Amino acid sequence: MPSYQFRCRHCQHTFEERRPRAQAHDAAVCPVCGSQDTKKLLGSVMLNLSGRSPAASDSIPVPISSHAAGGCGCSACSCGATAGMRG
């Protein structure tokens, strides 16, 4: 079951909850203040770099960014595109 990070908009506490993917976007209750005014945060994904079955030593967390899909055209990511150019 995946873990999701949330931040309470009331007290700014950041917390994690394990829940099924089907409930990923459901409201979470802050464990500190009890508020339901929480925001789901972008997390990280685990990449298996070895090609073998996953083990903790084979995977590294990679933050998800707005450039995760690549080819953004801003020349600030590894896609190699130049701003204003179309391929």
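Is Arg9 buried, partly exposed or exposed, and what is its relative accessibility? Arg9 counts as partly exposed because its relative accessibility is 47% (buried is under 20% relative accessible area, exposed over 50%, partly exposed in between, with a 1.4 Å probe and protein chains only).

This is a predicted model, where local features need pLDDT of at least 70, side-chain atom pairs count only at pLDDT 80 or more, and totals for chains, interfaces and linings use all residues. Residues are numbered from 1 along each chain as its sequence is written, and side-chain values use heavy atoms, with hydrogens and water left out.

**View 1. Arg9 sits in the loop between strand 1 (3–8) and strand 2 (14–18).** Strands here are DSSP runs (E, at least two residues), numbered from the N terminus. Arg9 touches Asp37, Thr38 and Lys39, leaving aside residues up to four places away in sequence; contact means heavy atoms within 4.5 Å. Asp37 is 28 residues apart from Arg9 along the chain, yet their C-alpha atoms are separated by 5.7 Å.

**View 2. Three strands make an open, antiparallel sheet in the order 2-1-3.** Strand 2 and strand 3 (38–40) are the edges, each pairing on one side only; two strands pair if DSSP finds at least two bridges between them. Strand 1 and strand 3 are joined by three bridges, and Phe6 stands opposite Lys40.

**View 3. Seven residues form the largest nonpolar core: Tyr4, Phe6, Cys8, Phe15, Ala24, Ala28 and Cys30.** Such a core is a set of buried Ala, Val, Leu, Ile, Met, Phe, Trp, Tyr and Cys residues joined through side-chain atoms within 4.5 Å. Strand 1 gives the most, with three residues.

How values were computed: Helix = DSSP H or I, 4+ residues; strand = E, 2+ residues; numbered from the N terminus.
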